[in-house]
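Work through the exercises below with the sequence and the 3D structure at hand. Each task is followed by a stepwise solution.

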Amino acid sequence: MKFTGANILSVDQFDRDAIEHIFRIADQMEPYAHRRKRTRVLDGAILGNLFFEPSTRTRISFGTAFNLLGGEVRETTGMESSALAKGESLYDTARVLSSYSDIIAMRHPKAGSVTEFAEGSRVPVINGGDGANEHPTQALLDLYTIEKELAHHGGSIDGMHICMLGDLKYGRTVHSLSKLLCMFKNVRLTLISPPELAMPQSICDALTNAGHQVINTSELSGSLDADIVYQTRIQQERFNSLEEAEQYRGRFRLNSEIYTRHYKPNTVIMHPLPRDSRAEANELDNDLNQNPNLAIFRQADNGVLIRMALFAATLGVEHLVSRYDTDVIWYSDKAIN
Ligand code: CP
């Protein structure tokens, strides 16, 4: 896969070599993300960061990643504050904003919208999530996290057992991650959800065709020898009504007691975040916060590394990053890690 000048719209664009290429660039970004070094390799470049749907991690980490490479960020957030609310097409918006930017990251509530936008753009476009469809940068950071966490225990993605649970119908992160897993070998997937929120059949078929073992169930029972448990939020914004979403809330709670009962002592706990931390949500409980296997914040941190790697690769400067670096002179406890 040629990255320079490419849009990153779907995980379908990647093969295993391309994933490996991005992961090894991400490794090289650690000194910058950990504030031991700074680089000005993208000095003068501008990121258009367009978020037409709520976001904390993806929007801020795209911006942080670009800033850490020395570039500047211009943002718009929310549909109402953009000219899309006046009926402007995605094509026109893309034509205009791609004149103002060198690269664009975008999130939008409609499936396929980022691809439609990219058709009008004259600069690379990176999909930050399009409706219930895909979230490719999240899938890459999830897979990167899985690789790192399993390596810590002497394991690997090939041959692993991952349990995904919750809303697997509307959760775009599990769709994109599953598609990436099709490129690996002998993965076991236990997919736990209410039947109405099951993983789309097309994705289950792709996993099976890749030679993986896929078990669909609506019950969390017995002892699962999973290496990874990947919890998802009920995507309430994608249901027809709040009442419809409410009936599923809390069905697949993960807390310390449930973890100990159903999982191995070193099963890695992941969640794309945000988690619903309200007590009545019964989702991923705070009583797991001190569990060393809780990887959710390491996962979010890895988002900066992956997005730095994607910016460096799509703008063709991945081999120049260290040439433009200097030491960081301010105090930072990140540099101590
Ligand atoms: N994981 C994720 O996409 O989080 P945000 O919605 O906060 O960007």
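**Exercise 1.** At what angle do helix H3 and helix H11 pack, and how many Å apart are their axes?

Solution. The model is predicted: local features need pLDDT of at least 70, side-chain atom pairs count only at pLDDT 80 or more, and totals for chains, interfaces and linings use all residues. Residues are numbered from 1 along each chain as its sequence is written, and side-chain values use heavy atoms, without hydrogens and water.

Step 1: locate H3 at residues 57-68 and H11 at residues 296-314.
Step 2: the angle between them is about 55°, and the axes lie 8 Å apart.
Step 3: the crossing of H3 past H11 is right-handed.

**Exercise 2.** Which residues make the contact of H3 with H11?

Solution. Contact means heavy atoms within 4.5 Å.
Step 1: H3 contributes Arg-57, Thr-58, Ser-61, Phe-62, Thr-64, Ala-65, Phe-66 and Leu-68.
Step 2: H11 contributes Ala-300, Val-304, Arg-307, Met-308 and Phe-311.
Step 3: sorted by class, the contact of H3 with H11 has 8 nonpolar, 3 polar and 2 charged residues.

**Exercise 3.** What radius of gyration does the protein have, and what would a compact globule have?

Solution. 
Step 1: for 337 residues, a compact globule would come near 20 Å (2.2 Å times the number of residues to the power 0.38, over C-alpha atoms).
Step 2: the protein has 20 Å, which agrees.
Step 3: the C-alpha trace spans about 55 × 50 × 40 Å along its principal axes.
Step 4: buried residues (under 20% relative accessible area, 1.4 Å probe) make up 54% of the 337 residues.

Conventions: Axes are lines fitted to C-alpha atoms, for helices over the stretch in contact, and angles run from 0 to 180 degrees between N-to-C directions. Helices (H or I, at least four residues) and strands (E, at least two) are DSSP runs, numbered from the N terminus. A crossing is left-handed if the near helix is turned anticlockwise from the far one by less than a right angle, and right-handed if clockwise. Ala, Val, Leu, Ile, Met, Phe, Trp, Tyr, Cys and Pro count as nonpolar, Asp, Glu, Lys and Arg as charged, and the others, Gly among them, as polar. Buried means under 20% relative accessible area, exposed over 50%, partly exposed in between (1.4 Å probe, protein chains only).
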